[in-house]
Structures are given as C-alpha cells and as structure tokens.
Amino acid sequence: MRAEVQNTVTEIEKSIDLLKQRLDWETAEFRLEEFNARVEDPNLWDDAEGAQKLMRERQLLVDSIDGVKALMTDLSDNIEMIELGEMEEDEEVVKDAEEAIFKLKEVAAEKELEALLNGEADSNDTFLEINSGAGGTESCDWASMLARMYVRWAEKRGYTVELQSQTAGEEAGIKSAAYKISGHNAYGWLKSESGVHRLVRISPYDSAAKRHTSFSSVWVYPVVDDNIEIEVNPADIRIDTYRSSGAGGQHVNTTDSAVRITHNPTGIVVTSSEKSQHQNRDIAMKALKSRLYQLELDRRNAAINEAHESKGDAGWGNQIRSYVLQPYQMVKDLRTNHETSDTKGVLDGDLDGFMAATLAMDVAGKSRADAQSE
C-alpha cells in the first residue's frame, strides 16, 4: 500500500476511534436495547411529547452507531480490495479502492466534526435573523442574497425552513428577515454565522458601475426546547400589533395581524408577520424566549460572550467574513482565515467549509482553555 494511502487509512482510523469514544462505544448497544424496550411500552404514547423526544433520541443513537459501523466496513472493504488488486496486479481495482479511501476520509472528518457539536443547544432547531446595515439599497439587496444563501444551505442539508417575518427594502431586497430552520444540529452548525457580513462588488444600481461595499448582519439563536424553562415576566414586555406588509406592492391586502414583542429589560425586539395574530404572538414569544436563552448561553461561554459584546453595528470593523466579487473573487472568514475563490458556490449555499473551520477553531480553543485550567 502506498504511503499516502496508508497515512489516509491511519487518519480515518483515528476519526473512528474518536467517534467511538464520544459515543461510549462499549455501552452503545446496551443503551440502544434500553431504548428499544421503552419504545415497545404500550403506554409510551400516553405522553406524546415525551414519546417524540424518546424516538428522536433513539434515532440519533441508531444513526450514530450505524455511521461508525459504515465507516469501519467501508474502510475494511477497500483495504481488502487494495490488497487483492496488488496481489493480482490489477491497477484499476487498486486505483478505485484508493479513491474510495480518500473520499472516506472526508466523510469521517465531517462525522468527527458533527460529533463535536455537543453543546447544550447544538442539536436544537434555530432562529436565523438577517438585517441590512450600512449601504442603503445595496445592503438591502445584500441581505436578500444572504437569505437566499442560507435557505439553499439548509435545503441541501435536508432542513426545513420557515419564514417567520420579512420587511421589504424600499427599492430592492429586504431590510430584515427572520427564519426558523429545523433539523438535527441546525443551531450547532449555524451558530458560527453570527456576525457582520461584508460584500464588495460593482453595484447593479450604480449607472457609473462603481464598486460598492455593503454590510448586513446575521444573528443565530437556538429554538428553546419545551423542557427548558425560560420565564418571562409579563410586566417586562410590550406587545404591539401592526399592519403586516411584504414585497407584494401597495395593492396587497394587509391586516393588523403582525405582532411585535419588546422585552424592556434587555431591549430585545422580536416580530412575526406571516401567520394569524394568534400564531404570530406564539411565534414571537418563542423567539423571545430563544433570544433570552441565548443570552444565558453567552454568559456561560466566554468566547461566545466576547463575540457578542464586540458585534457592534453592521458596518466597518465588525465583520466576520468578506465576500469580494470585484476586482477579484474571494470569500474569506476573518476569524479562521478560511477562504475560497468559488464565490458562486458559497452564495449558492456551499458553507460547510467555513462552518467546519470555525467549529474546529472553537474546539481547539476550548481544549487549550481546559488544559490551562488543569
């Protein structure tokens, strides 16, 4: 076996070992048997909410076990194919198996990163808010481009995307939008996107074809599980209703169904304008609780807290990532220095590389902090 392939095999084996450690491999099958026994309880669905939670936990364990077993099987099979191909001097068989191992390394690395998403709320669904910043019409257009980028990213992962509220720009794009993105680890992946995003391009709205710089902010908050108690004092909030409006123009019917909730102690404002007034009130209250929960998470995590304290306005000096379309093409994350020239791919939702780089950086930082505290 060639040295490059052997090194790749070693890296995959290390990833598998780490996955087993995080899964507590020695007890995983026993825990699955316990889940299966509970699932067969005829009284399980007397508590529908608890049953659904149990089924989700069981499925996560099944997926984790199956994922590790699949990696082990694929690695073993391809090693055997290489050995067989070398014995029979069949270069094509060897080449195919080597390529499969190189691809398997990428799969193992991604599963290893997913296994690191073990924060208190990482597995939760998430709220994602986008707000245009400095730059007027340009920034409103940029905000709509970001919204499209995140929706495409979520859809590629098989997540469900629900538009919670949206305010159209005066000439183009959007001033703001809020989404609920549902799927396993939705918050864990998207939390790294919180911050200010900067765009440099030749403006399609400038007849002189000059370069413009635009800013929009993205903020991500976990959807609070029902079993996490977040108390909101009614005296601390103000609830307003107003006419909802979208991008349909002045002749579109509007009603006083939109809801805005202001939390006076923190200044947090949440809105929902896509449903009935009753539904909007419920959605906005859940969003408020998620924002308050995020504040609590920030207090527990110094790194996240520092990032939020320094977020500032959506303008110069506060950006986490730059998207340059002219005079050259590049997207660069200013925290990790991860970059790519495939700007089209990124704007079409190819964000995994940036998210993985930030996650790996956070994990490394936590490991160093833990080592220093020992």
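Begin by selecting Val 331 and Thr 340, which stand opposite each other, Thr 340 being in β11. The model on your screen is predicted, so that local features need pLDDT of at least 70 and side-chain atom pairs count only at pLDDT 80 or more, while totals for chains, interfaces and linings use all residues. Residues are numbered from 1 along each chain as its sequence is written, and side-chain values use heavy atoms, with hydrogens and water left out.

Now widen the selection to β10 and to β11 (residues 339-340), which pair in the antiparallel sense over two bridges; two strands count as paired if DSSP finds at least two bridges between them. Helices (H or I, at least four residues) and strands (E, at least two) are DSSP runs, numbered from the N terminus. In the hairpin of β10 and β11, five residues lie between the strands, and Asn 337 takes a positive phi near 70°.

Next, select β9 (residues 319-324), which runs antiparallel to β10 (residues 330-333) and is joined to β10 by four bridges. These two strands, β9 and β10, also form a hairpin, with five residues between them, and in this pair Val 324 stands opposite Met 330 in β10.

Move on to the open sheet of three strands, whose order is β6-β7-β8 and whose pairing is antiparallel. Because β6 (237-242) and β8 (268-272) stand at the edges with a single partner strand each, one side of each is left without a neighbour in the sheet. Selecting β7 (residues 258-263) together with β8 shows an antiparallel pair held over five bridges, in which His 263 stands opposite Ile 268 in β8.

The next stop is the largest pocket, which holds about 2000 Å³ of space. On a 1 Å grid over the protein atoms alone, a pocket is an open set of points where a 1.4 Å probe fits, with protein on both sides within 12 Å along at least five of seven lines, and lining residues have an atom within 4 Å of a point; the volume is the space filled by probe spheres set on the points, which are joined across faces, edges and corners. Of the 50 residues that line this pocket, select Arg 56, Leu 60, Ser 123, Asn 124 and His 184, the closest to its centre. Then colour α3, from which the largest share of the lining, 13 residues, comes.
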